[in-house]
Amino acid sequence: MSDAHLTERSRDGGREPVELTEEPIQLSTRDPGGDPDERSGGWSRRRKIGWTVALVVGLAGAAVLGVGGLRVAQQKDTQLTSPDQVAGLTRDDSERAKSTADYLRSGLAANIELDRSFGTVYRDPADEKRSVLIFGGTTLLWQPERDLDSLFRLMSDETGAVNGLRELPAGSLGGVLKCGSTSGEGGDFAVCGWADHGSVVMAMFPGRSVDDAGGLLRNLRDGMQTRG
């Protein structure tokens, strides 16, 4: 069959034949002017700024995680001891003192899961009425301040409200240290505690101000805490 009639039909329609070239056909409806950088194959200024911001934020987040991870690694392997003498105080090994310390230790361990716990009473040779009751333990803590605050709330339930709670310098071992005051049968006394990623400790300081108790707790910590 001849296809001459196809040629004739095309001519009769009065349409010019489509001329094919090697140039690509533009299908996009975007303005071909566009961003000069995009036309040249580079990134637009907006895209560069976006990626720069994302990179900075990502690096900052990685830095925070890195610092936090390093702090956990440094603090997690903690040991606590109860030396015979520490910070000018002498350990009280009487049965009454041991019973009191064990009661405090058991109460703490019942409310926070610890790998090891302890409770000790230290006598002040200068004043028997200013004995220090200290108890706590070691474990991995991801949020030390939160756990320390929980123990202060527990103390409030047991002894009455802990008032004026505030953060004090934690010393060279880091972490967080807080003190407040509460009332007991012998009058007001200071309550302090420290926590880091490897330990949490509370102490009661009859006959001492909050500032004095905070300084004494730092000294006790320096003599009782070591890291592996």
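I take helices (H or I, at least four residues) and strands (E, at least two) as DSSP runs, numbered from the N terminus. I am working on a predicted model, in which local features need pLDDT of at least 70 and side-chain atom pairs count only at pLDDT 80 or more, while totals for chains, interfaces and linings use all residues. Residues are numbered from 1 along each chain as its sequence is written, and side-chain values use heavy atoms, with hydrogens and water left out.

Entry on Ala87. I looked up Ala87 in the loop between strand 2 (85-86) and strand 3 (89-91), and found its phi near 55°, a positive value in a residue other than glycine. Ala87 has a relative accessible area of 34% and is partly exposed, where buried means under 20%, exposed over 50% and partly exposed in between (1.4 Å probe, protein chains only).

Entry on the strands. I count two strands as paired if DSSP finds at least two bridges between them. Strand 3 and strand 4 (residues 116-123) run antiparallel and are joined by two bridges, with Thr90 opposite Arg123 in strand 4. Strand 4 also pairs with strand 5 in the antiparallel sense, over seven bridges, and there Tyr122 stands opposite Val132.

Entry on Leu140. I placed Leu140 in the loop between strand 5 (132-138) and helix 5 (144-159), partly exposed at 37% relative accessibility. Not counting residues up to four places away in sequence, Leu140 touches Val72, Lys76, Asp115 and His197, contact being heavy atoms within 4.5 Å.

Entry on salt bridges. I searched the whole structure and noted twelve salt bridges, each a side-chain nitrogen of Lys or Arg within 4 Å of a carboxyl oxygen of Asp or Glu. Asp84 and Arg91 meet through their side chains at 2.7 Å, N to O, and Asp84, Arg91 and Asp93 are linked in a network of salt bridges.

Asp124 forms a salt bridge with Arg208, with the closest N and O atoms 2.8 Å apart. Because Asp124 lies in the loop between strand 4 and strand 5, and Arg208 in the loop between strand 9 (199-206) and helix 6 (210-224), the pair ties together parts that are 84 residues apart in sequence. I noted that both Asp124 and Arg208 are buried.

Which residue forms a salt bridge with Lys178? I found Asp149, the closest N and O atoms being 2.9 Å apart; since Asp149 lies in helix 5 and Lys178 in strand 7, the pair ties together parts that are 29 residues apart in sequence. Asp149 is partly exposed at 22%, whereas Lys178 is buried at 9%.
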